[in-house]
Amino acid sequence: MTTPASRPIPATIAAVVRDGHVLLVRRANPPDQGRWAFPGGKIEAGERLEDAAARELFEECGVRARPLQVFDAVDVFDHDEAGALRRHYILIAMLCRWQAGEPVAGDDAMDARWVPLAELDGHTLATSFGVAALARKAAALAAEAGIL
């Protein structure tokens, strides 16, 4: 039997790449509290993926961007101390083109900033699982689209 707590929660993440940097936020809440990740959050009932990505991006860091395309989906499992599943998120990664604004932490973020792509490979930042790989994928797509 599926309970509401065990149903996957759809959410978007906004991958914004600009001038060799990727926009990341430092999460203020679990899961991944204190870790750097893409801005994003839950999709509201009746909300389109593109609208959710743009809304969450603006709420978390004050940046406006135009969603271009979905480029990946990632499962995130939040377990309690005993290993039991608390929540299962499905994060839908949306490539976005920066339009306006500089990152300022808001909503669910402790911090927000442009991070050089090269810095992700050095593991100098505590990032959420898969951030570096998704950032590289977003950068490659952005380069193909001529928006880097």
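Gly62 follows helix H1 and has a positive phi, near 70°. Helices (H or I, at least four residues) and strands (E, at least two) are DSSP runs, numbered from the N terminus. The model is predicted: local features need pLDDT of at least 70, side-chain atom pairs count only at pLDDT 80 or more, and totals for chains, interfaces and linings use all residues. Residues are numbered from 1 along each chain as its sequence is written, and side-chain values use heavy atoms, with hydrogens and water left out.

**Helix H1**

Buried residues of H1 are Ala52, Ala53, Arg55, Glu56, Leu57, Glu60 and Cys61. Buried means under 20% relative accessible area, exposed over 50%, and partly exposed in between (1.4 Å probe, protein chains only). The cover over these residues includes S1, S2 (21-27), S4 (40-42), S5 (64-79), S6 (85-100) and S7 (109-116).

**Strand pairing**

Two strands pair if DSSP finds at least two bridges between them.

| Strands | Sense | Bridges | Example pair |
|---|---|---|---|
| S5 and S6 | antiparallel | 14 bridges | Ala73 with Ile92 |

S5 and S6 also form a hairpin, with 5 residues between them. Gly83 sits in that turn and has a positive phi of about 95°.

**Thr12**

Thr12 belongs to strand S1, residues 9-18. Its relative accessibility is 1%, so Thr12 counts as buried. A polar atom of the Thr12 side chain lies 3.4 Å from the backbone nitrogen of Ala53. Ala53 is itself one of the buried residues of H1. Neighbours within four places in sequence aside, Thr12 is in contact (heavy atoms within 4.5 Å) with Pro39, Gly40, Gly41, Ile43, Leu49, Ala52, Ala53 and Ile92. Ile92 is also the bridge partner of Ala73.

**Ala135**

Helix H3 spans residues 131-144 and holds Ala135. Ala135 is buried because its relative accessible area is 0%. Not counting residues up to four places away in sequence, Ala135 touches Val22, Phe38, Leu117 and Leu120. Ala135 and Leu95 are 40 residues apart in sequence, yet their C-alpha atoms are 9.8 Å apart in space.

Conventions
Polar contact = N/O pair within 3.5 Å; in protein donor to acceptor, adjacent residues only side chain to side chain.
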